[in-house]
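Biologist: I've got a fold on my screen and I'd like to talk it through. Shall we start with the sheet and work our way inward?

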Amino acid sequence: MRFFSSFFWRLSVSFKKGGFDALAAEAGAASATSRLLSNSYWLVVMDAERLTDPIDKLSNILHEIAHLKGFLALEAGDDLYKVYRSGVKVMPTMQKAERIGSFTAFIGLDEAIVSEIEKRHLPELIKKNKLLKGEYIWQTSSEATALKEEIAKKEGINPNEIMRISKDGQTYKCFSYYEQRRVLNHIVGRIYENNREKFDSADDVMRLFFRAHFSGELLSIARLIEESFGKGAFRMVGMMDDNTNSARLIMDYLKKKSPEV
Ligand SMILES: [Zn+2]
């Protein structure tokens, strides 16, 4: 019992010190899957002050749960442990980290996969949730669709990237990690084009990436990426992180490696 009381004591201390940011791994995000220092609990933390819209809240819960349910491999030491794999993210062993320093590869691909899961499954969750019946009717109405199309045209984005729009059309929210998902969809599309005899659809290839996130099996996607984009491409994709610039650089690289015909 002492353990639990100290665990909650630490939680309340974190809240007093800086609220959400003290708990979240990424300051500035509205939600995160995080681990408090010095214990092994993984938490989904959400910023209640920012997540007031019910669809935002639901999409963030879905996103973070997808992270939380992803593959996890730990390296155990004498009195500590280190995350070695999380989702499709890869970290060095303790010995390697000591030698060259710590790093995380495949951050961008990990976020792309999780956000793509979020984008594909959010509509059915809204539809199934009785508390969101009104929201579902509004978001799928012809008025909302017209508003989304109008904004998409003005902003130069795809209307299906708009996750929700308010009734007055003044506020809207897009799905997260657009650039990273663009890279993922490009990879998936090209793999499908090159392997039509192996896959029934591009969605079939996408499911392979989703499976890798939950099973940790990277070899099959690594091989398909290298076959379509050349040797070293998988390692290169591993360098994409969660910022827009790195996703655009990787997109540029992939397009050069396998130009459209
Ligand atoms: Zn995320």
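Biologist: In what order do the three strands of the open sheet come, and how do they pair?

Modeller: Keep in mind that this is a predicted model. Strands of a sheet pair through backbone hydrogen bonds, either parallel or antiparallel. Here the open sheet has the order β3-β4-β5, and the pairing is antiparallel.

Biologist: Okay, and which strands are at the edges?

Modeller: Look for strands that pair on one side only. That picks out β3 (72-76) and β5 (89-90).

Biologist: Which residue of β4 is the bridge partner of L72?

Modeller: β4 covers residues 81-86, and five bridges join β3 to it, with the two running antiparallel. L72 has its bridge partner in β4, and that residue is S86.

Biologist: Let's go to the helices. How far does α5 reach from its first C-alpha to its last?

Modeller: The protein comes to 12 helices and seven strands. Helix α5 has 22 residues, for which 32 Å is expected at 1.5 Å a residue. The model comes close to that, with 31 Å.

Biologist: At which residue does α5 bend?

Modeller: The bend is about 40°, and a proline, P123, follows within four residues of it. The residue at the bend is H121.

Biologist: What about the inside: which residues touch the most other members of the largest nonpolar core?

Modeller: That core has 31 residues. Elements giving two or more residues to it include α5 (107-128), α8 (178-194) and α12 (244-257). The members that touch the most others are L109, I113, V183, L184, V188 and I225.

Biologist: Is V183 buried or exposed?

Modeller: V183 sits in helix α8. A residue needs 20 or more other C-beta atoms within 10 Å to be buried. V183 has 23 C-beta neighbours inside 10 Å, so it counts as buried.

Biologist: How far apart in space are V183 and I250, C-alpha to C-alpha?

Modeller: Leaving aside neighbours within four places in sequence, V183 is in contact with A112, M240, A247, I250, M251 and L254. V183 and I250 are 67 residues apart in sequence. In space, C-alpha to C-alpha, they are 7.5 Å apart.

Biologist: And which residues does I113 touch, not counting those up to four places away in sequence?

Modeller: I113 is another of the core members that touch the most others. With residues up to four places away left out, I113 touches V88, L184, F209, F210 and H213.

Biologist: Last one: what share of the protein's residues is buried?

Modeller: The same cut-off of 20 or more C-beta atoms within 10 Å applies. Out of 261 residues, the buried ones make up 28%.

How values were computed. Residues numbered from 1 in each chain as written. Predicted model: local features only at pLDDT ≥ 70, side-chain atom pairs only at ≥ 80, totals over all residues. Pairing = 2+ DSSP bridges. Core = buried A, V, L, I, M, F, W, Y, C linked by C-beta atoms within 7 Å. Buried ≥ 20, exposed ≤ 12 C-beta atoms within 10 Å, placed from the backbone. Contact = placed C-beta atoms within 7 Å. Expected span 1.5 Å × (residues − 1). Bend = angle between axes of the 7 residues up to and from the residue.
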